Amino acid sequence: MSLDTRAIQRELLRFPGVFAVKVEPNQIKVFVKRLRPEDADILDRIPKSFAGLPVVIVESGNIPGAFSAQILQQTGRLRPTPGGVSIGYWGDVKPTGTLGTRVFDKDGNKLILSNTHIFAPHWSAPVTIGDPIIQPGSLDGGNHPLDTLATLLRYSIIDFGGVRDNLLDAAIASPINPADVLDEVLQIGPVTDIAAPVEGMPIKMVGRTSGLKLGFITDLNVEVLVTYDVDIAIFSKQGLATRMARPGDSGSLLVDATNRAVGLVFAGSDQVTVFTPITTVLSLLNIHFGTPLLPAQGRILSIDITQ
């Protein structure tokens, strides 16, 4: 059988219990929710080999987008505001997550970065550019207008129908007062550069729920199913790391040992953390950390950015 990487990933994602697939030169990794004797009937349906490669089954846990944190540790109102703290959308629904970091647009305007499902949950309620973004998020006591830090500027649309490939769950907002946003991430410091993620790379993050967490990157170029509150979305070309994030940590920035940004967290399980490589986020949202990226090279899979 001769299939390209994405075709192999899509075919194997059809099997019950499979949540993510990574094709490597000598094997195919298939990630499942759990490996238990009572799941033998489901696991036995997954082929032992596919497209001429052996299939290795890895337990990863269910992978939900961390849309709503139940009651988690309290985080307060901080002005000026660093990355790594509670933030959220104010509208008909009020998700709470993590402010990843400050970034800049092509004109040098300061912006803040998090996830679409934290800044613009467009599948659950009407979302309009200019809607309030509050800090802290509503689960931590934030309210509009008292705690409004920024207004929604741009976000990636999440497709749940399988028509398009989702490449990111990311959004940016424009601070009402740029001086209210610090150029650093809590407990990490300033982040002014980026690095390409590499398997085995030590990384760290600061999330609204978990605080400072250390881990390492385990897999890249993974196709993954992520469960949101309304449906399941397929994401392509994502990264996996060790378990670092919990509900409420969505939007956290992953950095390497020298504080270079490598990814944006948007989902996780009790086994893994799911992130989008930072170059994808910066390129598709047309933002940067201080030095604009060159135009994206090669074929970019179909994606909608609302602005």
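Reply: A search of the whole structure finds five aromatic pairs. Rings of Phe, Tyr and Trp (its six-membered ring) pair if their centres lie within 6.5 Å; planes under 30 degrees apart count as stacked, over 60 as edge-to-face and the rest as tilted. Take Phe160 and Tyr228. Their ring centres are 5.5 Å apart and their planes stand at 85°, so this pair is edge-to-face. The pair links distant parts of the chain, 68 residues apart. Phe160 is in the loop between β11 (148-156) and β12 (171-175). Tyr228 is in the loop between β15 and β16 (232-242). Strands (E, at least two residues) are DSSP runs, numbered from the N terminus.

The model is predicted: local features need pLDDT of at least 70, side-chain atom pairs count only at pLDDT 80 or more, and totals for chains, interfaces and linings use all residues. Residues are numbered from 1 along each chain as its sequence is written, and side-chain values use heavy atoms, with hydrogens and water left out.

Buried or exposed? Buried means under 20% relative accessible area, exposed over 50%, partly exposed in between (1.4 Å probe, protein chains only). Phe160 has 19% relative accessibility, so Phe160 counts as buried. Tyr228 is buried too, with a relative accessible area of 5%.

Both residues belong to one aromatic cluster, formed by Trp123, Phe160, Tyr228, Phe235 and Phe266.

Another ring is also of interest. Lys94 lies over the face of Trp90, at 4.7 Å from the ring centre. A charge sits over a ring if NZ of Lys or CZ of Arg is within 6 Å of the ring centre and within 35 degrees of the ring normal.

Notes: Helices (H or I, at least four residues) and strands (E, at least two) are DSSP runs, numbered from the N terminus.
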